[in-house]
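Please read the following as a walk along the chain, from the sheet to the helices. Have the sequence and the coordinates open side by side.

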Amino acid sequence: MLQTTLACAKCGSTALRKNGHSHGKAKYRCAACRYQAAFEPAAPRKAAQYAQVEKLLVERTSQRSIVRATGVARMTVAKLAKKSPGQAAAASQAQSAPHPGTG
Ligand SMILES: [Zn+2]
């Protein structure tokens, strides 16, 4: 189950109650300080960012440029680069572990 952790922007409390919709986004009200806003879950936004990163990796954009363009942390870009088919060959050359039992 996908669980999104929403926190109040004012007091940081996670005791948020759904309170209607605004511009297609769910509106929430903090039970602690009664601050009300449309809190955006981090997961869908990150998924869109990661898709953008992977697209730039395919185009052989440098990791530093990707960080500047997308705002994704450099460590995350490096992690996605290992998964990307374009740079997977270079990454696999570095780690050639012997297989026990075979050969
Ligand atoms: Zn609050």
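This is a predicted model: local features need pLDDT of at least 70, side-chain atom pairs count only at pLDDT 80 or more; totals for chains, interfaces and linings use all residues.

Residues are numbered from 1 along each chain as its sequence is written, and side-chain values use heavy atoms, with hydrogens and water left out.

The chain contains four helices and three strands. Both kinds of element are DSSP runs numbered from the N terminus: helices are H or I with at least four residues, strands are E with at least two. Read from the N terminus, the order of elements is β-β-β-α-α-α-α. Of the 103 residues, 19% count as buried; here buried means under 20% relative accessible area, exposed means over 50%, and partly exposed lies in between, computed with a 1.4 Å probe on protein chains only. Contact is defined as heavy atoms within 4.5 Å. Among contacts between residues at least 6 apart in sequence, 23% join residues at least 24 apart.

How are the strands arranged? They form an open sheet in the order 1-2-3, with antiparallel pairing. Strand 1 (16-22) and strand 3 (36-37) are at the edges and have a single partner strand each, so one side of each is left without a neighbour in the sheet. Two strands are taken to pair if DSSP finds at least two bridges between them. Strand 1 and strand 2 are joined in the antiparallel sense by five bridges.

The cysteines can be taken next. C11 is partly exposed at 41%. A search of the whole structure finds zero disulfides, a disulfide being a pair of cysteine sulfur atoms within 2.5 Å.

The helices follow. Two packed helices are described by the angle between their axes and the distance between the axes. For helix 2 (residues 63-70) and helix 3 (residues 74-83), the axes come within 9 Å and cross at roughly 120°. Axes are lines fitted to C-alpha atoms, for helices over the stretch in contact, and angles run from 0 to 180 degrees between N-to-C directions. Helix 2 and helix 3 are therefore oblique to each other: angles under 35 degrees count as roughly parallel, over 145 as roughly antiparallel, 65 to 115 as roughly perpendicular, and the rest as oblique. Helix 2 passes helix 3 in a right-handed crossing. A crossing is right-handed if the near helix is turned clockwise from the far one by less than a right angle, and left-handed if anticlockwise. On the helix 2 side the meeting residues are Q63, I66 and V67; on the helix 3 side they are R74, V77, A78 and A81.

V72 sits in the loop between helix 2 and helix 3 and is buried at 3% relative accessibility. Which residues does V72 contact, leaving aside its neighbours within four places in sequence? They are Q49, Y50, V53, V67 and V77. L57 lies in helix 1 (residues 42-58) and is buried, with a relative accessible area of 2%. L57 and A78 are 21 residues apart in sequence and 9.9 Å apart in space, C-alpha to C-alpha.

Backbone angles come last. Most residues other than glycine have a negative phi, and most peptide bonds are trans. R34 is not a glycine, yet has a positive phi of about 65°. R34 belongs to the hairpin of strand 2 and strand 3, which has five residues between the strands, and is exposed at 64% relative accessibility. In the hairpin of strand 1 and strand 2, with two residues between the strands, H23 takes a positive phi near 55°. R60, also a residue other than glycine, has a positive phi near 60°. R60 is placed in the loop between helix 1 and helix 2 and counts as exposed, at 66% relative accessibility.
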